[in-house]
Every structure is written in C-alpha cells, then in structure tokens.
Amino acid sequence: MSKIIDNSKGIPLPSIALLLGYLLIAAGFVAFNLAPYLAIAVILLGGFISFTRNGIKLDPTTKKYKSYTSYFGIKVGNWESYEKY
C-alpha cells in the first residue's frame with residue numbers, strides 16, 4: 001500500500017472572487033422565499049466559486065503525480081509519471 005501525498009495549493013481565484021462567491025451564497029438564502037429555483041442556482045454558483053481548490057497528489061512508489069482541481073470536493077485531474085524529472 002503506497003502512501004499518497006496530497007498537497008492543497010489553495011484557491012485558484014483572487015480573494016475578491018472568493019468574497020463574491022460567499023455573497024452569492026448569502027443572497028441565494030435571502031432570496032429563497034421569492035424565487036426558490038433562482039436562489040438554488042445562485043447558491044450553487046456561489047458554492048462553485050467559493051469551494052474550488054487546486055492541489056497536487058504525489059505517489060512515490062509508482063513515481064506519478066496528479067495536478068488536480070477540486071470542485072465541491074471532487075478532484076479532477078490525470079496521473080502522470082515524473083520519472084523523467
């Protein structure tokens with residue numbers, strides 16, 4: 001069993017975009033009684049902006065790495081070899 005190293009590089013967007021995402025989430029909850037479907041869409045958009053992260057995973061036993069972007073906790077990326085480095 002290999003020990004995979006997971007290092008989060010943080011937020012790929014500037015701080016103002018992160019603040020905008022949180023404001024969209026708050027606005028969605030406030031507007032939920034007026035237009036619930038629109039409010040859900042705004043909350044999802046704000047969550048997408050606020051909770052997107054970048055990172056890298058290293059597997060030293062197979063000598064592979066995965067540079068990923070995490071959307072709502074789901075990590076998307078491809079494993080590649082780093083043997084040539």
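The radius of gyration used here is taken over C-alpha atoms, and the globule rule for comparison is 2.2 Å times the number of residues to the power 0.38. Keep in mind that you're looking at a predicted model. With that rule, a compact globule of 85 residues would come out near 12 Å, but this protein has 17 Å.

**Overall build**

- Going from the N terminus, the elements run β-α-α-β-β-β-β, which gives you two helices and five strands.
- Taken along the principal axes, the box filled by the C-alpha atoms is roughly 55 × 25 × 15 Å.
- Buried residues account for 24% of the 85 residues.
- Take the contacts between residues at least 6 apart in sequence: 40% of them join residues at least 24 apart.

**The salt bridge**

- The count here is one salt bridge.
- Its partners are Lys 75 and Asp 6, whose closest N and O atoms sit 2.6 Å apart.
- Lys 75 belongs to strand 4 (residues 74-76) and Asp 6 to strand 1 (residues 5-10), so this pair ties together parts that are 69 residues apart in sequence.

**Around Thr 69**

- You'll find Thr 69 in strand 3 (residues 64-71).
- Leaving aside residues up to four places away in sequence, Thr 69 touches Thr 52, Arg 53, Asn 54, Ile 74, Lys 75 and Val 76. One of these, Lys 75, is also the salt-bridge partner of Asp 6.

**Around Ser 50**

- Ser 50 is part of helix 2, which covers residues 36-50.
- Its relative accessible area is 0%, so Ser 50 counts as buried, the cut-off being under 20%.
- Which residues does Ser 50 touch, not counting those up to four places away in sequence? They are Leu 18, Gly 21, Tyr 22 and Ile 25.

Methods
Residues are numbered from 1 along each chain as its sequence is written. This is a predicted model: local features need pLDDT of at least 70, side-chain atom pairs count only at pLDDT 80 or more; totals for chains, interfaces and linings use all residues. Side-chain values use heavy atoms; hydrogens and water are left out. A salt bridge is a side-chain nitrogen of Lys or Arg within 4 Å of a carboxyl oxygen of Asp or Glu. Helices (H or I, at least four residues) and strands (E, at least two) are DSSP runs, numbered from the N terminus. Buried means under 20% relative accessible area, exposed over 50%, partly exposed in between (1.4 Å probe, protein chains only). Contact means heavy atoms within 4.5 Å.
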